[in-house]
Amino acid sequence: MTPTRTTASPSITPRRAGVIRNRVLPPPVSGQEIVLLGVIAALWLVLTFTTQAFLTSDAIQALLVATAPIALVGVGMTMIIIAGGIDVSVGAAAMISAVVTAKLLVDDGASLPLAVLAAVCVGGLLGLVNGALIAYGRVHSIIITFGTANIFQFLGLQIFGSSTINGIPSTLDVFGNSAVGRTLGIPNAFTFTVVIAGLAWWYLRHTPGGRHLYAIGGDPQAARLAGVRVQRRILLTYAVTGLLVGLAACFTIAQGTSTLDQSVGIGSELAVIAAVVIGGTSIMGGRGSVLGTLLGALLVQTVTSGITQLGWPSQLSDLFVGIFIVVAVGSDLLRQRARRRKA
């Protein structure tokens with residue numbers, strides 16, 4: 001009797017594995033990020049010659065302080081959009097985190113660590129609520145977060161109890177634009193943001209959890225069949241974004257005076273999403289980079305600051321940012337169409 005011959009399944013070579021991995025991950029620095037650097041450099045050059053105070057130490061530091069909360073929340077938003085979701089409630093969540101923290105500072109004289117811990121915990125809890133509803137409720141993220149945005153805003157207004165919170169102490173000035181808020185001339189808020197963005201960049205590129213987010217955004221059903229715990233990843237992504245929203249609320253309080261009004265945080269979700277999309281993250285999911293988001297936030301804030309210093313109507317900043325968004329989304333759609341043709 002002739003023995004049966006078996007053929008072993010071909011194994012994936014390291015070189016082949018690297019090819020497969022690179023199909024999921026973007027390059028370390030994309031062409032769009034290089035273009036963004038060029039656009040920002042050109043804008044800074046133009047504003048240097050058309051305004052009197054743009055390229056001064058104080059103006060640049062103020063620009064970086066204003067960029068920090070947008071970019072910080074943008075880091076979390078990047079991971080959410082990469083995974084195929086979106087969160088339009090971050091502005092309202094920032095409002096609740098800010099008002100709770102401000103009341104602790106005014107009413108209880110909270111220390112810096114306690115104030116930051118409270119803000120981060122409140123933001124994380126709100127993010128966890130969003131994540132649980134989206135991951136286990138199986139409802140699209142824009143529907144859930146649009147609903148929770150209205151709920152969070154209502155709760156924030158109830159916690160305010162009045163039009164403003166007055167007499168906020170200088171506890172959080174370490175994140176502000178004063179001398180105590182800088183280290184070696186660089187604002188601490190921006191330094192924290194860059195460090196967190198670097199950690200997120202490493203997580204997305206060099207850990208299984210990060211690569212799973214790209215896979216979920218590309219095809220959640222295929223990711224689930226491949227053994228990815230999709231619901232858990234989505235839950236954690238929204239929770240982490242909530243933590244970043246809480247920290248960003250501290251940065252926002254530190255930017256202002258001793259008064260906090262009810263408009264804090266409201267509408268900031270638009271600036272955050274704009275920074276993420278302009279930075280090259282695909283609104284369809286599956287592709288994106290926190291480096292691009294950091295540059296996108298810097299571009300958005302540069303436009304806002306430049307228009308203010310030129311004395312132009314503030315509505316023009318919305319116009320220019322809208323143009324940038326349309327160009328970014330259009331470029332992304334063209335790239336996707338080109339990839340489908342090649343496939």
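Tutor: Let's begin with a term: a residue is buried under 20% relative accessible area, exposed over 50% and partly exposed in between, using a 1.4 Å probe and protein chains only. Arg138 is exposed, with a relative accessible area of 58%. This is a predicted model, in which local features need pLDDT of at least 70, side-chain atom pairs count only at pLDDT 80 or more, and totals for chains, interfaces and linings use all residues. Residues are numbered from 1 along each chain as its sequence is written, and side-chain values use heavy atoms, leaving out hydrogens and water.

Student: What pLDDT does the protein chain average?

Tutor: pLDDT is the predictor's confidence in each residue, from 0 to 100. The protein chain averages 89, and 92% of the residues score at least 70. Over residues 1–23 the pLDDT is below 50, and this stretch has six contacts in the model beyond near neighbours in sequence; contact means heavy atoms within 4.5 Å.

Student: Back to Arg138: where does it lie, and what is its phi?

Tutor: Most residues other than glycine have a negative phi. Arg138, although not a glycine, has a positive phi of about 55 degrees. Its place is the loop between helix H5 (112–137) and helix H6 (141–160). Helices (H or I, at least four residues) and strands (E, at least two) are DSSP runs, numbered from the N terminus. Leu184 also has a positive phi, near 55 degrees, and sits in the loop between E2 and strand E3 (186–187). Leu184 is exposed, at 85% relative accessibility.

Student: Which residues are in contact with Arg182, leaving aside neighbours within four places in sequence?

Tutor: They are Asp58, Gln61, Asn177, Pro187 and Asn188. Arg182 belongs to strand E2 (residues 182–183) and counts as partly exposed at 26% relative accessibility. Its C-alpha atom is separated by 9.8 Å from that of Val65, 117 residues apart along the chain.

Student: How do I read a helix, say H7, and which of its residues are buried?

Tutor: An α-helix has 3.6 residues a turn, so residues three or four places apart point the same way. Helix H7 (residues 188–206) has 19 residues and reaches 27 Å from its first C-alpha to its last, close to the 27 Å expected; the expected span is 1.5 Å times one less than the number of residues. The buried residues of H7 are Asn188, Ala189, Phe190, Thr193, Ala197, Ala200, Leu204 and Arg205.

Student: At what angle do the axes of H7 and H10 cross?

Tutor: Two packed helices are described by the angle between their axes and the distance between the axes. Axes are lines fitted to C-alpha atoms, for helices over the stretch in contact, and angles run from 0 to 180 degrees between N-to-C directions. The axes of H7 and helix H10 (residues 230–255) come within 11 Å and cross at roughly 170 degrees. H7 and H10 are therefore roughly antiparallel, since angles under 35 degrees count as roughly parallel, over 145 as roughly antiparallel, 65 to 115 as roughly perpendicular and the rest as oblique. On the H7 side, the contact is made by Ala189, Phe192, Thr193, Ile196 and Tyr203, and on the H10 side by Arg233, Leu244, Leu247 and Phe251.

Student: And how do H8 and H10 pack?

Tutor: Their axes are 10 Å apart, at an angle of about 105 degrees. That makes H8 roughly perpendicular to H10. Gly209, His212, Leu213 and Ile216 of H8 meet Val230, Arg233 and Thr237 of H10.
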